[in-house]
Amino acid sequence: MNPAIEICNLSFGYQKNLLLQEVNLTINKGDFVAFIGPNGSGKSTLLKLILNTLKPKKGEIKLLGVPNFRFTDWTKVRYISQKVREFNDSFPATVKELIASNMYHQMGFLKLVTPKLSKRIDQSLEMVGLSKCRNEQIGNLSGGQQQRVFIARTLVKEPEIILLDEPLVGIDQKTQHEIQQILIKLNQKLGTTIVMISHNLESIKGQSNKIFLFKDMDVFNYTAKEFTVHLSKKGEWVVNNSYV
Amino acid sequence: MFEIFSYSFMPRAFLVGNLVAVALGMVLGVYPVYLAIIVSVLAAIGVEKLRVDYKDYAELSLAVILSSALGLMTVLVSLSRSNSSIFSYLFGSISLVTPEDLWVIFPISIFIVGGVLVFYYGFFYLSFNEEEAHMAGIPVKLLNNFFMVMVAITISFSMRIVGGLLVASMLILLVATALRIAKSFRDTIIYSIILGIFSVNSGLFISFYVDLASGGTIILSNIIIFILVVLYQFLRDKIRTKRFHYLTSFRR
């Protein structure tokens with residue numbers, strides 16, 4: 001098994017108090033991983049640590065075998081932030097233009113779309129089932145469609161690892177399901193490693209093979225088989241007989 | 001559009017920079033356009049630097065540049081004895097344009113059009129979301145500075161025809177109109193260019209035959225186009241909703 005992300009004895013805190021303490025985890029290539037846990041338990045923080053936008057107090061993170069502060073090939077590791085859909089709705093951009101802009105470094109001397117790049121845009125749009133919306137204005141699409149466009153924008157870079165921070169927030173159930181299906185397809189067909197922060201505990205079991213529960217400054221690892229979740233009488237989530 | 005342009009008095013900072021240069025040129029007796037380019041490029045880079053430093057109070061940086069330039073200009077104008085020619089730079093006059101200007105404008109317009117083409121999708125990403133562009137590895141700082149320089153140069157030259165006080169409104173009105181009809185970034189640029197050529201030419205034509213100030217007439221023709229577009233869209237939407245109500249009334 002080839003590890004995609006390895007985390008060794010990682011500790012981190014924004015101020016004096018630690019948020020994550022002595023965390024160890026390994027994500028292999030081709031894994032579909034879900035990060036779950038209450039708000040403020042360090043899920044988004046860990047993604048930022050992986051991306052090297054935050055520096056750990058202690059410990060090490062390796063991306064595809066390379067320590068992340070020395071990692072350079074960021075096209076292979078892409079991040080879709082929670083804030084991705086916060087943009088000016090009336091901005092005059094078509095879906096095609098938006099995706100094309102992410103291929104800036106693949107363009108030649110003139111930063112324009114060549115037929116070859118145009119084909120890649122089509123392929124990635126097909127992957128997320130939005131081929132028809134190629135020339136639509138981004139602001140006119142629904143929230144779910146926009147999220148799919150942003151996934152397509154990530155796909156043109158042909159990444160090996162995609163990190164998603166709550167991609168399903170504010171999207172209706174049916175579309176949530178569609179997006180999950182797209183991510184599963186990416187994971188199974190292209191072998192893309194997917195790490196996703198999610199609050200949708202019911203659907204996690206069906207899609208992920210590994211589940212990491214963030215709790216009390218630590219991260220607990222479950223495989224999908226041993227993962228059970230139910231609602232307590234008070235309406236709180238209970239994962240493997242302990243409260244989340 | 002650009003985050004750096006979201007503060008509406010951005011072009012005003014350039015323009016005052018330009019006027020400082022004109023006043024300075026008058027005092028020193030130097031051809032003002034060259035000076036204007038130099039001064040406004042410096043002002044542009046200064047604004048950009050302050051904008052990044054003040055991040056959350058970007059308007060402050062503009063106010064700093066704007067007020068210092070205004071102060072300088074007032075002093076310089078009072079220093080030069082004749083302040084009649086400052087008027088022609090404030091309000092523009094086609095008779096000011098010399099053959100020398102044309103020879104400078106030609107290579108510079110190639111430079112600007114070329115610059116936009118070379119960095120096209122870089123500019124797109126930058127205007128869509130500066131933070132994301134930075135994360136995607138686009139040279140944000142370089143492009144922002146380059147853009148500022150292009151705007152500064154454009155303003156320096158348009159000032160001769162349209163006039164310093166009006167040139168900012170010309171840059172903004174064209175895009176405001178184009179934004180109403182365009183559905184993509186590319187179309188917005190193309191429509192602004194077409195509208196620009198059309199309004200400058202029709203404005204000059206009318207100002208010549210009716211004997212009006214060229215700058216003002218150009219801006220007014222810009223505004224007329226803008227109003228026509230707004231009116232057209234308003235009426236179109238009205239008719240659409242009416243037709244919708246008419247069609248749905250049969251269902252009841």
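## The sheet of chain A

In chain A, strand β1 (residues 3-12) pairs with β2(A) in the antiparallel sense, over six bridges. Within this part of the model, which is predicted, A:I7 stands opposite A:L25 in β2(A).

Strands β1 and β2 of chain A belong to an open sheet of four strands, arranged in the order β2-β1-β4-β5 with antiparallel pairing. At its edges lie β2 (20-28) and β5 (66-67) of chain A, each of which pairs on one side only.

## The two domains of chain B

Chain B is divided into two domains: domain 1 covers 1-162 and domain 2 covers 166-252. To the contact between them, domain 1 of chain B contributes 17 residues and domain 2 of chain B likewise contributes 17 residues.

## The interface within chain B

About 1400 Å² is buried between domain 1 and domain 2 of chain B, and carbon and sulfur atoms give 84% of this area. Across the interface of these two domains of chain B, zero salt bridges are found. The count of residue pairs in polar contact between the domains, with both residues at pLDDT 80 or more, is also zero.

On the side of domain 1 of chain B that touches domain 2, the elements giving two or more residues are α6 (120-128) and α8 (140-162) of chain B. Helix α8(B) gives the most to this side, with six residues. By type, the residues on this side of domain 1 of chain B comprise twelve nonpolar, five polar and no charged.

Technical notes. Residues numbered from 1 in each chain as written. Chains lettered and ligands numbered in written order. Predicted model: local features only at pLDDT ≥ 70, side-chain atom pairs only at ≥ 80, totals over all residues. Heavy atoms only, no water. Domains from an automatic or database assignment. Contact = heavy atoms within 4.5 Å. Buried area = accessible area lost by both parts, 1.4 Å probe. Salt bridge = Lys/Arg side-chain N within 4 Å of Asp/Glu carboxyl O. Polar contact = N/O pair within 3.5 Å; in protein donor to acceptor, adjacent residues only side chain to side chain. Nonpolar A, V, L, I, M, F, W, Y, C, P; charged D, E, K, R; others polar. Pairing = 2+ DSSP bridges.
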